[in-house]
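Trainee: I would like to go through this model element by element. Please give the cut-off for each term as it comes up.

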Amino acid sequence: MADVRFTRFRKAFGSVEVIPELDLHVPDGSFTVLVGPSGCGKSTLLRSIAGLEEASSGAIEIGGEDVTHLDPAERGVAMVFQSYALYPHMTVRENIGFGLKLSGLPKEEIAARVEEAASTLQLTHLLERKPKALSGGQRQRVAIGRAIVRKPRVFLFDEPLSNLDASLRGQMRVELAELHSRLGATMVYVTHDQVEAMTLADQIVVLNGGKIEQVGAPMELYQKPKTPFVAGFIGSPTMNFVEGAPAKALGGAKIGIRPEHIDITQGGGMWTGQLRHVEHLGGETLAYVEVPGIGSMTVKREGDTQWEPGQQVHLTPREGCLHVF
């Protein structure tokens with residue numbers, strides 16, 4: 001396997017600068033997730049590693065080798081796209097091994113690699129089926145198998161779960177995490193879903209407008225966000241923000257407080273507001289409170305908390321849980 005390094009990398013499309021100059025290191029064997037809103041540059045970075053986009057300036061190294069001007073086939077990477085792109089007339093076995101067949105590898109080696117990948121992905125019993133007889137999750141595993149058999153230095157994933165329903169996405173997150181653990185491979189994964197980022201990554205890169213806002217482990221970004229953007233993007237429901245005079249009273253120009261770090265009572269709180277809406281989600285309850293001078297605040301409590309819209313309530317942030325910006 002290999003690490004990936006961007007050095008003074010920049011990408012522009014004509015006069016439009018998509019990614020200003022940046023440096024980024026993806027450690028060998030890491031599961032690095034590039035996350036951010038649409039248009040932040042995460043897919044452009046991924047495609048640049050693959051060689052599908054050409055650097056406007058700067059360099060990209062894979063395993064210490066400068067690959068900036070190498071063709072995609074020479075970079076030793078394999079990419080899994082959002083679309084499965086399976087050949088409908090081919091069996092699973094043929095789909096997984098098709099790229100190796102084009103490369104001219106001996107039939108015996110192709111067969112052995114396909115069997116190995118199928119075993120890793122629990123596809124052995126499906127090898128003679130065609131894509132139409134597979135579920136969405138099984139089709140995505142076939143697409144991943146097609147990448148595994150190439151034995152790349154780096155795996156690249158471009159929002160591979162976005163076409164799956166919620167339950168399958170949860171299942172595939174577990175399977176991808178287990179796959180990374182088994183292979184010990186370097187994986188770079190693009191998503192706009194911060195839940196995927198938090199559950200899969202050992203390193204998250206938060207991008208905003210082509211710039212890196214913060215790089216770190218999931219809980220580091222959650223507990224110690226360096227910017228309001230990171231604080232608001234990582235975590236669900238999103239962080240509450242307090243500005244102006246109420247923030248200055250707490251020691252900052254802008255204060256962040258997560259919904260689970262606010263106590264809600266009927267009396268004796270720091271802020272007073274009116275309960276606008278309550279969402280009972282089974283294991284937790286979300287309360288939306290309108291606080292004069294601050295605006296809407298979200299409070300997260302466990303279980304079936306009995307609050308009713310229209311009530312006057314009091315909110316108090318827990319000690320040590322304020323984020324000062």
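Trainee: How many bridges join β12 to strand β18, and how do the two strands run?

Mentor: This is a predicted model, in which local features need pLDDT of at least 70 and side-chain atom pairs count only at pLDDT 80 or more, while totals for chains, interfaces and linings use all residues. Residues are numbered from 1 along each chain as its sequence is written, and side-chain values use heavy atoms, with hydrogens and water left out. Strands (E, at least two residues) and helices (H or I, at least four) are DSSP runs numbered from the N terminus, and two strands pair if DSSP finds at least two bridges between them. Strand β18 covers residues 323-324, runs antiparallel to β12, and is joined to β12 by 2 bridges.

Trainee: Which residues of β18 stand opposite Ile 255 and Gly 256?

Mentor: Strands of a sheet pair through backbone hydrogen bonds, either parallel or antiparallel. Gly 256 stands opposite His 323. For Ile 255, the residue opposite in β18 is Val 324.

Trainee: Why is α2 called oblique to α3?

Mentor: Axes are lines fitted to C-alpha atoms, for helices over the stretch in contact, and angles run from 0 to 180 degrees between N-to-C directions. Helix α2 (residues 92-103) and helix α3 (residues 107-120) have axes 9 Å apart and pack at about 135°. Angles under 35 degrees count as roughly parallel, over 145 as roughly antiparallel, 65 to 115 as roughly perpendicular and the rest as oblique. The angle of about 135° therefore makes the pair oblique.

Trainee: How do the residues of the contact of α2 with α3 divide by class?

Mentor: Contact means heavy atoms within 4.5 Å. On the α2 side are Arg 93, Ile 96, Gly 97, Leu 100 and Lys 101, which meet Ile 110, Arg 113, Val 114 and Glu 115 in α3. Ala, Val, Leu, Ile, Met, Phe, Trp, Tyr, Cys and Pro count as nonpolar, Asp, Glu, Lys and Arg as charged, and the others, Gly among them, as polar. The division is 4 nonpolar, 1 polar and 4 charged.

Trainee: Which helices do the buried residues of α2 pack against?

Mentor: Buried means under 20% relative accessible area, exposed over 50%, and partly exposed in between, with a 1.4 Å probe and protein chains only. In α2 the buried residues are Val 92, Asn 95, Ile 96, Gly 97 and Leu 100. They pack against α3 and α4.

Trainee: Are α4 and α5 roughly parallel or roughly antiparallel to each other?

Mentor: Helix α4 (residues 136-148) and helix α5 (residues 166-183) have axes that come within 11 Å and cross at roughly 25°. Their contact has 7 nonpolar, 3 polar and 2 charged residues. By the crossing angle, α4 and α5 are therefore roughly parallel.

Trainee: Is Gly 170 buried or partly exposed?

Mentor: Gly 170 lies in helix α5. Its C-alpha atom is 8.7 Å from that of Glu 196, 26 residues apart along the chain. Because its relative accessibility is 21%, Gly 170 counts as partly exposed.

Trainee: Is Gln 122 buried or exposed?

Mentor: Gln 122 is found in the loop between α3 and α4. Although not a glycine, Gln 122 has a positive phi of about 55°. With a relative accessibility of 56%, Gln 122 is exposed.

Trainee: What share of the 325 residues in the protein chain is buried?

Mentor: The chain comes to 9 helices and 18 strands. Its C-alpha atoms fill a box of roughly 75 × 45 × 30 Å along the principal axes. Of the 325 residues, the buried share is 48%.
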